[in-house]
Amino acid sequence: MAYDLQLTHVHKTYDNGTPAVIDFNLDVEKGEFIAFLGPSGCGKSTTLRMISGFESVTSGDLMIRGKRVNDQLPEKRPTSMIFQNYALFPHMNVRQNVHFGLGVKGIPRAEADRKVDGILEKLGLLDIAEMPTARLSGGQRQRIALARSLVVEPDILLLDEPLGALDANLRKSIQNELKLLQRDLGITFVFVTHAQSEALALSDRIVVMNAGRVEQISPPRELYTRPSSQFVARFIGSNTILPGTVKSCDGEVVMLDTAFGPLAGTNRAGIDAHTDRKMSIVLPAEAVDLLPEDMPDAEIRADFGSNTIPCTIERLQIVGHIMNMVVRFDDGQTINVEGHVDKYRNRLKAGGRAYVAWRSRNATVIDQ
Ligand code: ADP
Ligand code: MG
């Protein structure tokens, strides 16, 4: 099948010798919402700029809709880019700013006017169309930048941390709008962010990057439930990582010998979990049950097998219907656990002893 966007063995080394992107491989289907997620400096913007044509590709193939575009000028590509600072012209009004993108493409005046009006209406900007952009709010400026990128009717919209300049509340509401707009238009979005909440809320798939390399490409939920590397397990969500060596396997369930005794997780990536291999259990905060110390042993075994670690409850805090707890293992390591108030109230108290417990299917084993 033809993909909207394909990167195959794409490398980027800057003139000063910085290897910014290393062997990047990704196939994107039409209408997908893809996020590039990773810490600052990992190569997200560089990759986006290569797709847009503002940065050259050192080696590898960059294909848009089945056509190799490595050497095609930015304005010839069916892509449109929104920058973090929006790059609006402060002395021009909203309409002129949106018009600007079309001017470069040499579209006749009447047709251009029609397109500009159409997109201004779609984004609720008609009322402020004649106002200079310098006087508008962050949210409005964001929307103008979006209008300017969409008015050229790109196949692929590229967004480089477009919500970074907005406050938290506004960011949430614009996130929702972006998602609805993307569904409505049915075009491919490639969205760069270092904020995992943003990537998780918006994307169909997330590309997690680290030091120029792709660590994992998965739908958001799978990054939680199936992290495939230490980096992803530490970067995404709130995981406890328990190192050990393989003791035995039962189907997908792998039992490790750990500092806390025998503990198990699920081998989702089909790793060859031979005896004595060094692996780790990744335990998501959501998978943790806290059991009171006086719970009968037989009951614990029946539900959790040997997946228990004794701990001390350091702190309990009720926020609405949620109880937040900090617990300390006997080796000094602390973890955060949360659960519904009804489940824990009157069963656990600060300073008391308890067990951290989980079902093997809710934890993942990965290589160390
Ligand atoms: P991100 O967007 O993930 O923060 P970038 O793609 O901006 O990361 O940068 C990736 C790496 O490339 C970093 O080490 C950065 O310093 C370097 N870099 C970015 N732009 C240039 C450039 N124009 N010239 C040289 N090095 C650059
Ligand atoms: Mg960047």
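The domain assignment divides the chain into domain 1 (5-225) and domain 2 (238-293 + 306-367). These bounds come from an automatic or database domain assignment. The C-alpha centres of domain 1 and domain 2 are 39 Å apart. The model is predicted: local features need pLDDT of at least 70, side-chain atom pairs count only at pLDDT 80 or more, and totals for chains, interfaces and linings use all residues. Residues are numbered from 1 along each chain as its sequence is written, chains are lettered from A and ligands numbered from 1 in the order in which they are written, and side-chain values use heavy atoms, with hydrogens and water left out.

The C-alpha trace of the chain spans about 80 × 45 × 40 Å along its principal axes. Its secondary structure comes to ten helices and 20 strands. Helices (H or I, at least four residues) and strands (E, at least two) are DSSP runs, numbered from the N terminus. Of the 368 residues in the chain, 48% are buried. Here buried means under 20% relative accessible area, exposed means over 50%, and partly exposed lies in between, with a 1.4 Å probe and protein chains only.

Ligand 1 is surrounded by 13 residues. The closest are G41, G43, K44, S45 and T46. A residue is near a molecule or strand if one of its heavy atoms lies within 4 Å of it. Helix α1 (residues 44-52) gives the largest share of this shell, with four residues. By class, the shell holds four nonpolar, seven polar and two charged residues. In this scheme Ala, Val, Leu, Ile, Met, Phe, Trp, Tyr, Cys and Pro count as nonpolar, Asp, Glu, Lys and Arg as charged, and the others, Gly among them, as polar.

Side chains of the shell also approach oxygen atoms of ligand 1. For K44, a polar side-chain atom lies 2.8 Å from an oxygen atom of the ligand. For S45, an N or O atom in the side chain is 2.8 Å from an oxygen atom of ligand 1. For T46, the distance from a polar side-chain atom to an oxygen atom of ligand 1 is 2.5 Å. On its own, ligand 1 has 570 Å² of accessible area, and the protein covers 64% of that area. Accessible areas come from the Shrake-Rupley method with a 1.4 Å probe; for residues, only the protein chains shown count as cover.

Helix α4 (residues 138-150) has 13 residues. From its first C-alpha to its last it reaches 18 Å, close to the 18 Å expected at 1.5 Å a residue. The expected span is 1.5 Å times one less than the number of residues. Ten of the 13 residues of α4 are buried, so the helix is largely enclosed by the rest of the structure. The buried residues are G139, Q142, R143, I144, A145, L146, A147, R148, S149 and L150. L123 sits in the loop between α3 (109-122) and α4. At 7% relative accessibility, L123 is buried. L123 and N25 are 98 residues apart in sequence, and their C-alpha atoms are 34 Å apart in space.

Several strand residues were also examined. V21 belongs to strand β2 (residues 19-28). V21 is buried, with a relative accessible area of 1%. The C-alpha atoms of V21 and V214 are separated by 8.8 Å, although these residues are 193 residues apart along the chain. S218 lies in strand β10 (residues 213-218). S218 counts as buried, at 4% relative accessibility. The side chains of S218 and Q216 are joined by a polar contact of 2.9 Å. A polar contact is a pair of N or O atoms within 3.5 Å; within protein, one must be able to donate a hydrogen and the other to accept it, and residues adjacent in sequence count only if both atoms are side-chain atoms. Y355 is found in strand β19 (residues 353-357). Y355 is partly exposed, at 22% relative accessibility. Its C-alpha atom is 25 Å from that of Q368, 13 residues away along the chain.

Backbone angles complete the description. Most residues other than glycine have a negative phi. R65 is not a glycine, yet has a positive phi of about 50 degrees. R65 lies in the loop between β4 (59-64) and β5 (67-68). R65 is partly exposed, with a relative accessible area of 38%. A211, also a residue other than glycine, has a positive phi near 50 degrees. A211 lies in the loop between β9 (205-210) and β10. With a relative accessible area of 52%, A211 is exposed.
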